[in-house]
Structures are given as C-alpha cells and as structure tokens.
Amino acid sequence: MTHRIRIRPLACMLAAALIVVAHPAAAQIFGQYGGAETLPVNGRSFGAYVETSDHLLGATSQLRLSFFPGIDFGFQLGLTRLSPSTGDRTTVRLGTDVRTAIVEATPERPYTVAVGGAIGVETSDQYSVLTIAPEGVVSRSYRLSDSAVLRPYLGALISIAKSSVLGESNTDLSVPIRLGTELEVRPAVRFLFEVQLLPGNAFTDHFKVAAGANFPF
C-alpha cells in the first residue's frame, strides 16, 4: 500500500509535466537553416524553404549577412498554415539569429562547430508565440568534386516559448533537434534537406521536414 501511495503522486507529476510541455509553442523552430559554416566577411546569402508535417505547412525565407570573421546573422520571414485542435489558422513568422564559429574546419579536421541564439515571433488572430532559443550546430564536409561539397549537420536548440492562445498564456521549454544535409554546388547554390525532431509537440507531430536552398550573392 505504501508503494502505491508513493507511485501515484509521481505518476500525476509526470502527467502534469507532459501536459505543460505539449503545447503549440513547440510547433516551430527558429534560427539558421544549414550547417555550421559561417559566411565570409561581407558575405551575403538568401534562402527559401518549405516546411511540412501532418498539421503544418509553411514557407520561410532568410537573409544572412556577415561583417566579422567567424560570425554571421540572419533574418527570417515566413507564413505557416497550422491545424491545431483550436482551429485552422494562418500565422506570420518573424525571426532573427546570430552564430559564431568556435571550431573551424581544416584539411586535417573537416569539422565546424558554431554556437549562437535565435529569437522569433509567430502571430495570428488570438494566437502569438515569442520564442528565445540558444542553439548549437556541428557539421562535416565531404568533397565530392572540385565544385560539389556534401555537408551533413546536427543542431540542437533550447527553446523557451511564451505563448498566448485564445487568451490562455503558457511558458514552455523544449529541446528541438535538427538533422540535415547541404549539397553545395559552387559557386551558386546550396541545396538542403532537414528533419526537425519536435519533442513535446501538441500537434502529436514528432518531426517536421524542411527542404530548400541557400543562394550566396
């Protein structure tokens, strides 16, 4: 009897924690799209991406710039169609991020590691989410030819989201993970494909797929 009494409160606490984590704020990921390599000084890049899951379809664009060695930053703008339990809605997404390379690739060690942070806002009628997310990403380059490089990458964020949905406010913490690869065809384009793992997503979507391209100019 004593063990049952102890186990039941613990089960209730775990269930409550899952309910708190499972909230629409976990549906989106803000920040960079691609590997850990930063742009060169005075470099610029424009990107366009499509994201989809069982309850989401969206398009996002990004402009990245660099003014300092090993540091770049980006601005994101997008539209997303959500289908949560509260009803279908179209949202506008605005975001920005900055990252710095703490380990740069060399011929002997073709790995790059970057850390940074992102902040983003997603809004619609009676729906708004403010997300702050420290992030890190590591990537490795494989040269396929003189003009083609394959670059798998792994990234993770600590997403802190403040949401207001139909007048109800919540604060959520989640750890989304990015698994992706870039195919760089020099000098014009970097194609990418990315799977985003979304723990604690209220839409019951455990992952989301993103595909697109970055265009240096």
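Here's a quick briefing on a surface patch and some strand pairing in this structure. Keep in mind that this is a predicted model. Two things to look at are a nonpolar patch with about 650 Å² of accessible area together, and strand β8 (residues 148-157), which pairs in the antiparallel sense with β6, with β7 and with β11.

**The nonpolar patch**

- Eight side chains to pick out on the surface are Ile119, Val121, Leu130, Ile132, Ile158, Ile160, Leu173 and Val175, and they form the nonpolar patch.
- Two elements, β5 (111-124) and β6 (127-140), each give two or more residues to that patch.
- Leu173, one of the patch residues, sits in strand β10 (residues 168-174).
- Leu173 counts as exposed because its relative accessible area is 54%, and the cut-off for exposed is over 50%.

- Within β8, Leu150 is the bridge partner of Tyr142.
- Going from β7 to β8, you pass through a hairpin of 2 residues.

**β8 and β11**

- β8 is joined by 9 bridges to strand β11 (residues 177-185), and the two run antiparallel.
- Look for Ala156 here: its bridge partner in β11 is Ile177.

Methods: Residues are numbered from 1 along each chain as its sequence is written. This is a predicted model: local features need pLDDT of at least 70, side-chain atom pairs count only at pLDDT 80 or more; totals for chains, interfaces and linings use all residues. Side-chain values use heavy atoms; hydrogens and water are left out. Patches are made of residues with over 30% relative accessible area and no salt bridge: like charges are joined within 9 Å, nonpolar side chains (Val, Leu, Ile, Met, Phe, Trp, Tyr) within 5 Å. Accessible areas come from the Shrake-Rupley method with a 1.4 Å probe; for residues, only the protein chains shown count as cover. A salt bridge is a side-chain nitrogen of Lys or Arg within 4 Å of a carboxyl oxygen of Asp or Glu. Helices (H or I, at least four residues) and strands (E, at least two) are DSSP runs, numbered from the N terminus. Buried means under 20% relative accessible area, exposed over 50%, partly exposed in between (1.4 Å probe, protein chains only). Two strands pair if DSSP finds at least two bridges between them.
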